[in-house]
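I opened the model today and went through a few spots that I wanted to look up. My notes are below.

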Amino acid sequence: MNPPALTKLVARMVSDGLVHRQVAQTDHRKINVLTTALGRKRMMQIRREIEDQDASIQRQLGESDSQKLISLLQGIT
């Protein structure tokens with residue numbers, strides 16, 4: 001992700017209350033991005049949704065085809 005796009009994304013996440021910025025203690029040129037309680041809550045909701053979708057796909061495909069799909073997807077990274 002290019003730096004300007006990342007900056008805009010973080011700014012949007014700050015305005016949504018999902019993260020906050022903090023100046024690094026060791027190097028004041030660096031900014032740490034930390035999740036808020038709302039950000040952690042939303043992250044857990046998304047994680048559950050993903051796990052539910054994964055389980056649904058695995059039920060539809062069956063164990064053997066699920067493993068094939070996982071192998072294929074891992075091969076493109």
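**Notebook: a patch, a serine, a valine**

I started with the surface, and found that Ile-57, Leu-61, Leu-69, Leu-73 and Ile-76 make up a nonpolar patch with about 450 Å² of accessible area together. Keep in mind that this is a predicted model.

Next I asked which helices supply the patch: α2 (37-61) and α3 each give at least two of its residues.

Ile-57 counts as partly exposed, because its relative accessibility is 39%, between the cut-offs of 20% and 50%.

Then I went to Ser-66, in helix α3, which covers residues 63-75. Is Ser-66 buried or exposed? It counts as buried, because its relative accessibility is 3% and the cut-off is under 20%. I also looked for what the Ser-66 side chain reaches, and got the backbone oxygen of Gly-62 at 2.7 Å. Leaving aside neighbours within four places in sequence, I have Ser-66 in contact with Ile-57, Gln-58 and Leu-61. Two of those names, Ile-57 and Leu-61, are also on my list for the nonpolar patch.

Last stop was Val-23, in strand β1, residues 19-23. Val-23 has a relative accessible area of 43%, so I logged it as partly exposed. Which residues does Val-23 touch, not counting those up to four places away in sequence? I noted His-28, Lys-30 and Ile-31. I also checked the distance from Val-23 to Val-33: ten residues apart in sequence, 8.8 Å apart in space, C-alpha to C-alpha.

Note on methods:
Residues are numbered from 1 along each chain as its sequence is written. This is a predicted model: local features need pLDDT of at least 70, side-chain atom pairs count only at pLDDT 80 or more; totals for chains, interfaces and linings use all residues. Side-chain values use heavy atoms; hydrogens and water are left out. Helices (H or I, at least four residues) and strands (E, at least two) are DSSP runs, numbered from the N terminus. Buried means under 20% relative accessible area, exposed over 50%, partly exposed in between (1.4 Å probe, protein chains only). A polar contact is a pair of N or O atoms within 3.5 Å; within protein, one must be able to donate a hydrogen and the other to accept it, and residues adjacent in sequence count only if both atoms are side-chain atoms. Contact means heavy atoms within 4.5 Å. Patches are made of residues with over 30% relative accessible area and no salt bridge: like charges are joined within 9 Å, nonpolar side chains (Val, Leu, Ile, Met, Phe, Trp, Tyr) within 5 Å. Accessible areas come from the Shrake-Rupley method with a 1.4 Å probe; for residues, only the protein chains shown count as cover. A salt bridge is a side-chain nitrogen of Lys or Arg within 4 Å of a carboxyl oxygen of Asp or Glu.
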